[in-house]
Amino acid sequence: MARPRFLPDNMTLCLIAVVIAASLFPVSGQAAVAFDGLTNAAIALLFFMHGAKLSREAIISGMTHWRLHLLVFACTFILFPLLGLALKPVLVPLVGDELYLGILFLCALPATVQSAIAFTSLARGNVAAAVCSAATSSLLGIFVTPLLVLLMIGAQAGESNTLDAIGKIVVQLLLPFIAGQIARRWIGDWVTRNKGWLKSVDQGSILLVVFGAFSHAVVEGIWQQVPLFQLAGLVIACCLLLALVLFIVSFLARRAGFNTEDRITILFAGSKKSLATGVPMAQVLFAGGAIGALILPLMLFHQIQLMVCAVLAERYARRPEVAEGAVADS
């Protein structure tokens, strides 16, 4: 049977199932301590595999298109945080103070890698530039995101020492990533051949972190603290933020004189936020029950951006072919 179009993707269904399971059967006490150890190991494995999959040649080859990358990074690490701060008078009444902090955390995150590249490819954009921008954004986020979080959220995040926060990120995320890059010369071909089932390692790591985070949050009483009207407000807030970003990114790319293929790349690489990077970072940067409320905006935004960008990519894909050598400025 064909999959019904109204059904979300498998990862979304798994995330919903994990949140429900954590709400009904949260881990606590010594079990929670053991589960945190398992989660940290899964995060290290996740970033090790990211390092092993990422080709250094792809990064180097795409770095020459510096204007495109500069605009993508500005949208990811400057536009998003500025919008998050500027929209505070609108967002706080919609979602409350705790979920608003989650929106600020979302705004500080790097772009996605896999989905940004996939949507750019589907829309017939500049795939090589998308690979470079998305991969470099993910790597820069290891350093930039904790700084932005501490600037925007500060002590409310439960982390007051900037060097300590960066140190945790380096030890738990960057070092496994570097180890993966080093090991790539021996396991790179194997990783490429098995990337289909290795995707389950990525998704499984994220699901473990989400289960642990929501277990902590449920023990702390998240569903008593986040009423239904705030969840509805969060959906509206995520849609508003995404709509503004898509409009501004598209406007900036057009004004900067990029052709259609490059504008597609900028749109998809500069308007998306990474669940795969954000959830492990939340585990490192934040403590206890705060994590659940802080990653809830990211989880919702992630699903909304996938649905909206899928529609946009299909629309771009239907545009007429342009003769080779012609300037694509439509």
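Are Phe 119 and Phe 268 buried or exposed? Select both: Phe 119 is buried, and so is Phe 268, where buried means under 20% relative accessible area, exposed over 50% and partly exposed in between, with a 1.4 Å probe and protein chains only.

**Before going on**

This is a predicted model, in which local features need pLDDT of at least 70, side-chain atom pairs count only at pLDDT 80 or more, and totals for chains, interfaces and linings use all residues. Residues are numbered from 1 along each chain as its sequence is written, and side-chain values use heavy atoms, with hydrogens and water left out.

Colour the chain by pLDDT, the predictor's confidence in each residue from 0 to 100. The chain has a mean of 80, and 84% of its residues reach 70 or more. Now select residues 323-330: pLDDT stays under 50 there, and the model has nine contacts beyond four places in sequence for this stretch. A contact means heavy atoms within 4.5 Å. Where pLDDT is low, predicted coordinates should not be read in detail.

**Annotated spans**

UniProt, in an unreviewed entry, lists eight stretches as "transmembrane region": 39-56, 68-87, 99-120, 127-153, 165-183, 204-223, 229-253 and 274-300. Positions follow the numbering used here, feature names are shortened, and annotations may be inferred rather than shown by experiment. Select 127-153: the span is 96% helix and 0% strand, with its end C-alpha atoms 35 Å apart. Residues 229-253 are 100% helix and 0% strand, and their end C-alpha atoms lie 36 Å apart. Helices (H or I, at least four residues) and strands (E, at least two) are DSSP runs, numbered from the N terminus.

**The cores**

Next, show the largest nonpolar core, which has 84 residues. Such a core is a set of buried Ala, Val, Leu, Ile, Met, Phe, Trp, Tyr and Cys residues joined through side-chain atoms within 4.5 Å. Phe 105, Val 210 and Leu 241 touch the most other members. Helix α14 (residues 290-317) gives the most to this core, with 13 residues. Centre on Phe 105; beyond four places in sequence, its contacts include Val 149, Ile 153, Met 281, Phe 286 and Leu 294. A second, separate core of five residues includes Met 49, Val 191, Leu 198 and Val 201.

**Aromatic pairs**

Rings of Phe, Tyr and Trp (its six-membered ring) pair if their centres lie within 6.5 Å; planes under 30 degrees apart count as stacked, over 60 as edge-to-face and the rest as tilted. The count comes to three aromatic pairs. Select Phe 35 and Phe 211, a tilted pair at 5.3 Å centre to centre with 50° between the planes. Phe 35 lies in helix α2 (residues 29-53) and Phe 211 in helix α9 (residues 195-219), so the pair ties together parts 176 residues apart in sequence. Phe 35 is buried at 15% relative accessible area, and Phe 211 is buried at 16%.

Return to Phe 119 and Phe 268, also a tilted pair: 5.8 Å centre to centre, 35° between the planes. Phe 119 is in helix α6 and Phe 268 in helix α12 (residues 260-270), so this pair ties together parts 149 residues apart in sequence.

**Cysteines and a loop**

A search of the whole structure finds zero disulfides, taken as pairs of cysteine sulfur atoms within 2.5 Å. Select Cys 238: its sulfur is 7.0 Å from the closest cysteine sulfur, in Cys 239, too far for a bond. Cys 238 is buried at 2% relative accessible area.

Finish at Arg 124, in the loop between α6 (114-122) and α7 (127-152). Arg 124 has a positive phi of about 60° although it is not a glycine, and is partly exposed at 25% relative accessibility. Most residues other than glycine have a negative phi.
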